[in-house]
Amino acid sequence: MTTPTPSDKAFVPFVSVDHMMQLIHHIGVPEMLRGLAAYIEEDFRRWQLFDKTPRVASHSAEGVIELMPTSDGEVYGFKYVNGHPSNTAEGLQTVTAFGLLADVASGYPVLLSEMTILTALRTAATSALVARVLAPEGATCMAMIGNGAQSEFQSLAMQAICGITEVRLFDIDPAATRKCAANLAGSGLNVVTCDSAEDAILGAQIITTCTADKQYATILTDNMIGAGVHINAIGGDCPGKTELAPAILHRAEIFVEYPEQTRIEGEIQQLADDHPVTEFWQVLSGDAPGRRSPGQITLFDSVGFAIEDFSALRYVRDNIRGTALFHPLDLLADPDDPRDLFGMLQRAKG
């Protein structure tokens with residue numbers, strides 16, 4: 001018996017890893033980072049429209065697997081993502097991800113996409129968006145502490161969005177620093193490799209920490225941080241995993257994505273539950289101040305939030321239109337009579 005031909009509604013655009021890489025090169029890395037930052041800023045400015053909840057996390061001794069859902073009332077999105085720091089020793093990615101958008105009115109998915117690469121891009125775009133708002137005026141140098149898979153994206157986003165001209169690299173694994181420096185060759189950035197975190201932060205107005213160990217750690221000590229810097233702390237992203245000495249937190253003005261999640265997973269898990277923090281969307285909306293003085297220390301305690309992924313998926317959805325950079329995936333059973341799913345199954349019998 002002939003298998004029924006799926007209807008158009010059965011197909012969902014699927015952006016594979018290969019398609020994502022082609023899309024990035026089609027648009028250009030700097031332009032895509034700027035585009036993602038614009039979409040993220042747009043959604044942060046309408047923050048109050050979104051459903052918000054801390055991500056659903058399943059922790060193990062090896063790492064964490066998370067689901068990150070949100071909706072603006074018209075479109076629903078979620079991301080599946082893991083974080084397994086020891087994976088690199090086995091030749092595996094620390095972070096892998098995929099995501100989905102769906103139409104709220106019908107519940108039908110409208111996009112399925114890889115998000116391992118896209119998460120790296122949206123994380124960097126978010127960091128640079130925040131730094132553009134909070135970093136000292138005229139900042140030109142960033143210290144990149146932790147030179148793993150995120151480091152090049154962070155460096156290029158700060159260049160494209162904030163205008164930095166120099167990046168100073170340090171990792172406890174010199175091979176990671178050599179990798180990052182080689183990948184940034186030809187970017188136009190002045191790349192300086194450093195032998196210590198202390199050396200890396202010399203002269204840097206922006207300090208980004210992105211280390212992977214799933215443990216309480218002190219990557220930056222209090223005496224390392226002078227007045228007037230902006231810190232992006234993005235490596236601490238689950239309970240028991242931090243990068244900054246608590247004394248730094250007490251000296252800094254702290255900005256977060258979603259406090260209910262950050263107090264569980266971010267640097268501020270080291271502080272009292274009522275320690276004051278500012279939600280970044282409030283700065284964009286004008287409801288809260290950002291940097292108030294040149295000597296102030298600002299800290300973006302970033303753990304990643306579902307709205308950023310929603311923004312990134314929206315950007316991909318909009319930019320694959322009219323291209324061949326997706327595969328129509330036969331994902332949804334869509335019988336002629338929606339009450340006759342079994343009949344559809346029977347008609348497909350050989």
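These legends go with close-up views of a predicted model. Local features need pLDDT of at least 70 and side-chain atom pairs count only at pLDDT 80 or more, while totals for chains, interfaces and linings use all residues. Residues are numbered from 1 along each chain as its sequence is written, and side-chain values use heavy atoms, with hydrogens and water left out.

**View 1. The second largest pocket and its lining.** Start here with a space of about 300 Å³. A pocket is an open set of points on a 1 Å grid over the protein atoms alone, where a 1.4 Å probe fits and protein lies on both sides within 12 Å along at least five of seven lines; lining residues have an atom within 4 Å of a point. The volume is the space filled by probe spheres set on the points. Of the 14 lining residues, Ile24, His25, Val29, Phe153 and Leu156 lie nearest the centre. Helices H1 (17-27), H3 (116-134), H4 (151-162) and H5 (174-184) each give two or more residues to this lining; helices (H or I, at least four residues) and strands (E, at least two) are DSSP runs, numbered from the N terminus. By type, the lining has nine nonpolar, three polar and two charged residues (nonpolar: Ala, Val, Leu, Ile, Met, Phe, Trp, Tyr, Cys and Pro; charged: Asp, Glu, Lys and Arg; polar: the others, Gly among them).

**View 2. H1 packed with helix H10.** The axes of H1 and H10 (residues 306-320) are 12 Å apart, at an angle of about 75°. Axes are lines fitted to C-alpha atoms over the stretch in contact, with angles from 0 to 180 degrees between N-to-C directions. The two helices, H1 and H10, are therefore roughly perpendicular (65 to 115 degrees). Met20, Leu23 and Ile27 of H1 meet Tyr315, Val316, Asn319 and Ile320 of H10, where contact means heavy atoms within 4.5 Å. Six of these residues are nonpolar, one is polar and none is charged.

**View 3. His84 and Gly91 in the loop between E4 and E5.** The loop joins the views of two residues, between strands E4 (75-83) and E5 (97-103). His84 is buried at 14% relative accessible area, whereas Gly91 is exposed at 67% (buried is under 20%, exposed over 50%, partly exposed in between, with a 1.4 Å probe and protein chains only). Beyond its neighbours within four places in sequence, His84 is in contact with Ser60, Glu62, Gly63, Val64, Ile65 and Thr94.

**View 4. Phe11 in strand E1.** Phe11 is partly exposed, at 32% relative accessibility. Its C-alpha atom is 9.4 Å from that of Asp334, 323 residues apart along the chain.

Notes: Parallel < 35°, antiparallel > 145°, perpendicular 65-115°, else oblique.
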